[in-house]
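Subject: Structure for you, with notes

Hello,

Here is the structure we talked about. Please open it first, then read the notes below.

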Amino acid sequence: MRIVVGMSGATGSIYGIRLLEELKKQGIPEARILHYNFDSMQHEDVKTAKLLYEEVKSLISPKGKTYLFLDEIQEVESWEKAVNSFITDFDVDIYVTGSNSRMMSSEISTYLTGRYISFHIFPLSFSEYLSFRKAYNVVELTYNTHSELSRYLRLGGFPAIHLQEYTPDEAYPIVKDIYNSTIFTDIVKRNQIRKIDLLERIVKFAFDNVGRTFSAASISKYLKSENRTLDNETVYNYLGKLESAFILHRCSRYDIQGKEFLKTQEKFYLSDPAFRYSILGYTPDSVAAMLENLIYLELLRRGYNVCIGKIGNAEIDFVATRQENKLYIQVAQQIEQEETEQREYGRLLSIPDNYPKYVLRTDEFAGGNYLGIKTMHIADFLLSSEY
């Protein structure tokens, strides 16, 4: 069984629909493919596990495996009981999609028995964004990927934003709806959080400090400066809730020389850059941090474990590992001075191993290799298949 969880239900549903189409291409008879979308009025009467079980039971194919797609499953009360029964009673392959804010990944293991695979669906990657833009005839077949990166950075990767040519002012209310649904309807309600204004302040602090290390103590100090009081433990608890809903991703620091993870001064990245701009507004000085955010998300999409590297007193933006593979990455919006160039390349050169090392930037540069360190435009890196 596959569990697909997305920031908004639409991302998981799109994944499920693509799988359904692929099964049809492979020649699976339509009678053996059952698809339910519980956001649709077509299935509004199927609101309990019992009703769902009886409905599906009557349609299960007696010959061969039945493929069952259940979109927005969180709308069915006690849905896990029906799913567990399908696994026990029938020859089925089940695909379950739902919104992460109402179907927390940390809770899935308590719902389901037996074997299952859980997928976290990210917003559109840069490559997927370009495909969306072309599929919906928003951009011509020939376009400049470097200039498109700027638009992608501003508007993010939620699919609904790219179905037509939205301006930021038109797109951000859609993003805010996703944000509000996750924060207020689900996180606040499900965890019975009473200090909503403090939660909002923590969110805004984290959004404003993407790419910077901070701790619960620094947030508590910030709140105190605004005449608000919240202890460190509660701050960490709130950050944990935001992580569980995939609004934030925690990135730990790793001592490259000591080969150990450090327990203080972590960084937090956003699940989509549009969250920051829809809530705090756009400022030019935020671009460098949000470019870093894009690289972080792309590495996660490709299955890397990502941390911040520490070597001596210097910091490596990302150390990414995937099985035996490892990458070291420095991200720079632009490098205008020799001092900056020496700093970015020098940190990578100080690492005593031969794993691939990259400096990623968005300005013009000559040559693509410096003493074994590869220089790439960020757009090209996001579209590359070499790592």
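Asp 285 lies in the loop between helix H11 (273–280) and H12. Is Asp 285 buried or exposed? Asp 285 is exposed, at a relative accessible area of 70%. The cut-offs are under 20% for buried, over 50% for exposed and partly exposed in between (1.4 Å probe, protein chains only).

Before the rest, some ground rules. This is a predicted model, where local features need pLDDT of at least 70, side-chain atom pairs count only at pLDDT 80 or more, and totals for chains, interfaces and linings use all residues. Residues are numbered from 1 along each chain as its sequence is written, and side-chain values use heavy atoms, with hydrogens and water left out.

The chain overall

The protein chain has 14 helices and 13 strands. These are DSSP runs, numbered from the N terminus (helices: H or I, at least four residues; strands: E, at least two). Of its 387 residues, 49% count as buried. Take contacts between residues at least 6 apart in sequence: 64% of them join residues at least 24 apart. Contact means heavy atoms within 4.5 Å.

The sheet

An open sheet holds 8 strands, in the order S7-S6-S8-S9-S10-S11-S13-S12, with mixed pairing. Two strands pair if DSSP finds at least two bridges between them. S7 and strand S12 (369–370) are the edge strands, each pairing on one side only.

Strand S6 (residues 248–255) is mostly covered, with 6 of its 8 residues buried. S6 pairs with strand S7 (residues 260–270) in the antiparallel sense, over 7 bridges. His 249 has Tyr 269 in S7 as its bridge partner. The two strands form a hairpin with 4 residues between them. In that turn, Lys 259 has a positive phi of about 55 degrees.

S6 also runs parallel to strand S8 (residues 305–311), joined by 3 bridges. There Asp 255 is partnered by Lys 310 in S8. Further along, S9 and S10 pair in the antiparallel sense over 5 bridges. Ala 320 stands opposite Leu 327 in S10.

Pocket and cavity

Rolling a probe the size of a water molecule over the atoms shows where empty space is left. On a 1 Å grid over the protein atoms alone, a cavity is a set of points where a 1.4 Å probe fits but cannot get out; a pocket is an open set with protein on both sides within 12 Å along at least five of seven lines; lining residues have an atom within 4 Å of a point. Grid points are joined across faces, edges and corners, and a volume is the space filled by probe spheres set on the points.

The largest pocket holds about 380 Å³. It is lined by 22 residues, and the closest to its centre are Val 210, Gly 211, Ala 288, Ala 289 and Glu 292. Among the elements giving two or more residues to this lining are helix H12 (287–301) and strand S9 (314–322). The lining divides into 6 nonpolar, 5 polar and 11 charged residues. Ala, Val, Leu, Ile, Met, Phe, Trp, Tyr, Cys and Pro count as nonpolar, Asp, Glu, Lys and Arg as charged, and the others, Gly among them, as polar.

The largest cavity holds about 30 Å³. H12 gives the largest share of its lining, 3 residues.

Best wishes
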